[in-house]
Amino acid sequence: MIELERLRKEFRAPGGRTTLAVDDVSLTVQRSETVVIVGESGSGKTTLTRLLLGLLRPTSGTVRINGVDLATSSGADMKRLRREMQVVFQDPYSSMNPKLRVVDIVAEPLVTHEPKARGRAGRAWREARVDELLSAVGLEPGAARRYPHEFSGGQRQRISIARALALNPSIVVLDEPTSALDVSVQAQVLDLLAALKRELGLTYVFVTHNLAVASQIADRVAVMKDGAVVEIGPAGTLFEQPQHEYTRTLLDAVPVPDPSRSRLRAARSRVAR
Amino acid sequence: MTTVLSIEKLSVDFELGTETVHAVRDVSLDLAEGETLAIVGESGSGKTATALSILQLNPVPPAVYRSGTIRFGAHDLLALPEARLRAIRGNDIAMIFQDPMTSLNPLKKVGRQIGETLQLHRDVSRRDTRSAVVEALAQAGVPRPDERAEQYPHELSGGLRQRAMIAMALVTRPKVLIADEPTTALDVTVQAQILELLVQLQDRHGMAIVLITHDLGVVADVADRIAVMRSGEIVEEQPCEPLFAAPQHEYTRSLLAATPRLAGASEGA
C-alpha cells in the first residue's frame with residue numbers, strides 16, 4: 001500500500017551546510033497494518049512522514065502510494081491520493097482554526113473534496129456527516145456547535161481524528177498524536193484509534209518517541225536514528241530481541257513504572273551497601 | 001530522619017475573573033533530609049502550584065495563598081517578607097524546571113550566570129567563583145566545563161542546557177532542590193542520564209529533592225516517597241515500593257493502569 005524506496009532528504013541551510021534528515025530509507029506498509037516509527041528528536045521521523053504525505057519533495061528516491069509514484073503523478077492522481085491519506089498532528093490546537101466551530105473544522109476536507117458538501121445546498125449532508133464522525137470518535141453531537149478552545153486536549157485530539165476520517169481515507173499518518181496528553185487520556189485515545197482501525201480497516205503510520213506506546217499498538221516497528229532506519233521488525237520480536245545496539249540503548253532507557261525493576265534504583269542500592 | 005521542609009494545610013486559589021480555582025486544597029507534606037519526595041499527578045492536579053508555593057513563585061495575582069504554613073528551619077516561608085525569601089531562594093532551596101531556558105538568560109554566558117547565583121549568596125572572590133562554576137559544571141557532567149562556561153545557552157544541546165541549569169541550582173549546595181518535570185522535554189536516553197546525575201549529586205551532597213512529574217516510570221526510578229495529587233488534593237501518600245505494589249486509592253490504580261508499558265520487553269537485566 002505504501003512503498004518508500006531509497007528515500008533521501010537533504011536540507012540546505014543558508015550558510016551552505018547540509019543536513020541529511022532522511023538517509024536512504026526503504027520501507028513498505030501493508031494494507032491494515034500499523035507501522036510505528038520510533039526515534040529521538042532529530043532522528044528524521046517527522047521528515048519521513050512529510051515525504052510520505054507529499055508535503056516535502058525527496059532529494060532522491062521514490063514514494064509510491066497504491067502503486068502511484070508521488071513525484072510523477074498527475075494532478076488528478078495527487079488529489080485522489082490526498083483523500084486517501086490523512087494526518088493527525090501532536091498539537092490539536094495549532095492544527096485547527098480557533099475561529100471556526102467544530103462543525104466547520106471537521107467539514108473542511110469534505111468541502112474541499114466533495115462538491116455535494118458545498119454551500120447552502122450541501123449543508124444538511126455536511127452536518128449529518130459531521131455528526132456521524134463526531135459520534136464515531138466518542139463526542140456528543142452538541143460538540144459541533146462549539147469552538148476548539150471549549151474542549152480539553154483529549155477531546156480536541158478526537159476532533160482532529162474525526163476530521164482525518166471525514167473522507168474515508170485508507171491511510172492515516174499519526175505524528176505523536178498522544179504525546180501532549182495526560183496518560184489516562186492517552187490511553188483512551190489509543191483505544192479509540194485501535195477501535196477505529198478495526199472497524200474501518202485503516203492503515204496507520206504512527207510516529208512516536210514513546211517506546212511503550214509503540215509496543216502497544218504496533219504491528220511492525222521501525223527504529224530511526226540520524227535519518228536512517230537502523231532496525232525494523234515485528235513489534236514482538238523487536239522489543240524482545242532487539243538486534244541493533246541503538247534499539248537496546250533506547251529500550252534500556254525507558255523508565256519502567258515498577259521500582260522493583262528499576263536499574264537506577266538497583267545500581268544505587270549496590271553503591272549504598 | 002530530620003524534617004527539612006514541612007508543608008501544613010496549604011491552600012492556594014487562583015482567582016480568574018469571576019471564577020475561583022482551588023488549585024491546592026489543604027495539602028500537608030513533610031520532606032525529610034536527603035530524601036526524594038515525588039508529587040505525581042496529571043495536568044491541573046495542583047502539583048506544580050504546590051511546589052511553586054514553597055518559594056512563593058506562583059504569580060500573584062491570580063494566585064492567592066489562602067491558608068497554611070511552610071516550615072523551613074525556623075521560618076514559615078509563607079509569612080516571610082520578600083527580602084528574606086530572596087536570601088533563601090537559590091541558596092537553601094533551589095529549583096530546576098522542564099525548560100532550561102526559563103532559568104537561563106539567553107544573553108549571558110553560562111558560566112557568568114552560574115557565578116552570579118553564587119556571588120549573590122556568598123562572599124566569594126572572582127577567582128573562587130570561577131573555579132566553583134567550573135567545578136559545578138563538571139559535577140553536572142558537562143564535558144570540557146571551562147570551555148562550556150564561556151558559551152551562551154543557545155550553543156548547548158538540550159541535555160547540556162539541563163546540566164547547566166542543574167549546575168546553577170546546585171552551585172550553592174542547597175538543602176532542598178525542587179525539580180519541576182526536569183526530564184519531560186528530553187529524549188529517553190538523555191532523560192536516563194539526567195536522572196542518574198540527579199541521584200548521584202543527591203548521594204554526594206545529601207540534598208532533599210521534591211520531584212514534580214507526571215511520569216510514573218521516572219518516579220519508580222528515583223522516588224523514596226510519593227504523593228499522588230488530583231484536583232488540588234493529595235489522594236494518596238506512600239513510600240515508593242508499596243505505592244506501586246499495593247496502591248490504595250482508586251485514582252492511583254487508574255493512573256498506573258493507564259501508564260503505557262513496554263509490552264514483552266525482557267525482564268530486569
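**Close-up 1. Strand 9 and strand 10 of chain B run antiparallel and are joined by six bridges.** This model is predicted; local features need pLDDT of at least 70, side-chain atom pairs count only at pLDDT 80 or more, and totals for chains, interfaces and linings use all residues. Residues are numbered from 1 along each chain as its sequence is written, chains are lettered from A in the order in which they are written, and side-chain values use heavy atoms, without hydrogens and water. Strands (E, at least two residues) and helices (H or I, at least four) are DSSP runs numbered from the N terminus. Two strands pair if DSSP finds at least two bridges between them. B:Arg230 stands opposite B:Glu233 of strand 10. Two residues lie between the strands of this hairpin, where B:Ser231 takes a positive phi near 45 degrees.

**Close-up 2. Strand 9 of chain B also pairs with strand 3 of chain B.** These two run parallel, with four bridges. B:Ala38 faces B:Ile226 of strand 9 across the pairing. Strand 9 spans residues 225-230, and five of its six residues are buried, so it is largely enclosed by the rest of the structure. Buried means under 20% relative accessible area, exposed over 50%, and partly exposed in between (1.4 Å probe, protein chains only).

Close-up 3. B:Asp221, B:Pro260 and B:Leu262 supply 21% of the area that chain B buries against chain A, more than any other three residues. The contact (heavy atoms within 4.5 Å) takes 32 residues from chain A and 37 residues from chain B.

**Close-up 4. Two cis peptide bonds involve B:Pro61.** One runs from B:Val60 to B:Pro61, with omega near -20 degrees. The other joins B:Pro61 and B:Pro62, with omega about 10 degrees. B:Pro61 lies in the loop between helix 1 (47-54) and strand 4 (63-72) of chain B. B:Pro62 is in that loop between helix 1 and strand 4 too. Most peptide bonds are trans.

**Close-up 5. A:Asp24 has a positive phi of about 55 degrees although it is not a glycine.** A:Asp24 belongs to strand 2 (residues 18-29) of chain A. Its relative accessibility is 35%, so A:Asp24 counts as partly exposed.

Note on methods
Buried area is the accessible area (1.4 Å probe) that two parts lose on being put together, summed over both.
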